[in-house]
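Please read the numbered points beside the sequence and the model.

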Amino acid sequence: MTTLCVETDRAEGTRTLARALAGVLRAGDLLVLDGPLGAGKTTFTQGLGAGLDVRGPVASPTFVIERVHRSLSGGPDLVHVDAYRLGDGEDLDDLDLEAELDRAVTVIEWGRGRVEHLVESWLLVELERPEIWDGDPEDPEEPRTIRLTPQGPRWDEAARTDLAEALRSAGLSVTTTAPTAAIAAEDEESR
């Protein structure tokens, strides 16, 4: 699988990417968000919620673990999960995500390596912030690198092309790269 890579320079760029992505998502899609604290996972999900036109506000579900945002326009709901505080797989199973998966777009922060077994296909969204940033101290916004790596049959060639076109149509510069070694290994294991 190829990885789509987008550089954003502000939080609004992250939201723009997510709004564009929402246009190609459908009920049953699972997004696994990965990145360090403060990388923009919740900011990304806010943009996704706006693009899906769901009831908000979209906020981090850290203390409630899961939030369901119902669609305002007849589209899929948004299920937003924070797996950071969940322990083993049993904690995740207690959420009964399978009940919502078919009729919602599900976003799981900190879900990498924990939730991929739930579905046949998913979209890994890696958000990265610079380790060192020497930008304007009066403007605290840092750039982000966001990598989208589709996994499984849902993300066939046509779906990946639609995804790239949607991002470009939103004015984002998209590059494609080969998946990282870790992603390639995970993809090989899932076969």
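This is a predicted model: local features need pLDDT of at least 70, side-chain atom pairs count only at pLDDT 80 or more; totals for chains, interfaces and linings use all residues.

1. In helix α1, the buried residues are Gly-13, Thr-14, Leu-17, Ala-18, Ala-20, Leu-21 and Ala-22. Here buried means under 20% relative accessible area, exposed means over 50%, and partly exposed lies in between (1.4 Å probe, protein chains only). The buried residues of α1 pack against the strands β1 (3–8), β2, β6 and β7 (144–151), and against the helices α2 and α5. Helix α1 has twelve residues and reaches 17 Å from its first C-alpha to its last, close to the 16 Å expected at 1.5 Å a residue. That expected span is 1.5 Å times one less than the number of residues in the helix.

2. Residues are numbered from 1 along each chain as its sequence is written, and side-chain values use heavy atoms, with hydrogens and water left out.

3. Confidence is expressed as pLDDT, the predictor's confidence in each residue, from 0 to 100. The protein chain averages a pLDDT of 82, and 75% of the residues score at least 70.

4. The protein chain has six helices and eight strands. Read from the N terminus, the elements follow the order β-α-β-α-β-β-α-α-β-β-β-α-β-α. Helices (H or I, at least four residues) and strands (E, at least two) are DSSP runs, numbered from the N terminus.

5. Of the 191 residues of the protein chain, 47% count as buried. The chain exposes about 9,400 Å², of which carbon and sulfur atoms supply 48%; accessible areas come from the Shrake-Rupley method with a 1.4 Å probe, and for residues only the protein chains shown count as cover. Among contacts with a separation of 6 or more, residues 24 or more positions apart account for 68%, a contact being heavy atoms within 4.5 Å.

6. Thr-14, found in helix α1, counts as buried because its relative accessible area is 3%. Leaving aside residues up to four places away in sequence, Thr-14 touches Thr-8, Gly-40, Thr-43, Phe-44, Leu-127, Arg-144 and Ile-146. Ala-22 also belongs to helix α1, and its relative accessible area of 6% is why Ala-22 is buried. With the sequence neighbours up to four places away again left out, Ala-22 touches Leu-48, Gly-51 and Leu-52. Ala-22 and Gly-47 are 25 residues apart in sequence and 8.5 Å apart in space, C-alpha to C-alpha.

7. How many of the twelve residues of α2 are buried? Nine are, and the helix is mostly covered. The buried residues are Lys-41, Thr-42, Thr-43, Phe-44, Thr-45, Gly-47, Leu-48, Gly-49 and Leu-52. They pack against α1 (11–22), β2 (30–34), β4 (77–82), β5 (104–109) and β6 (122–128). Helix α2 (residues 41–52) reaches 16 Å from its first C-alpha to its last, close to the 16 Å expected at 1.5 Å a residue.

8. Strand β4 contains Val-79, which counts as buried because its relative accessibility is 0%. Val-79 and Thr-106 are 27 residues apart in sequence and 4.6 Å apart in space, C-alpha to C-alpha.

9. Most residues other than glycine have a negative phi. Asp-53 lies in the loop between α2 and β3 (66–69) and counts as partly exposed because its relative accessibility is 34%. Trp-110, in the loop between β5 and β6, has a positive phi of about 60° although it is not a glycine.

10. The charged end of Arg-154 sits over the ring of Trp-155, 4.1 Å from its centre; the criterion is NZ of Lys or CZ of Arg within 6 Å of the ring centre and within 35 degrees of the ring normal.
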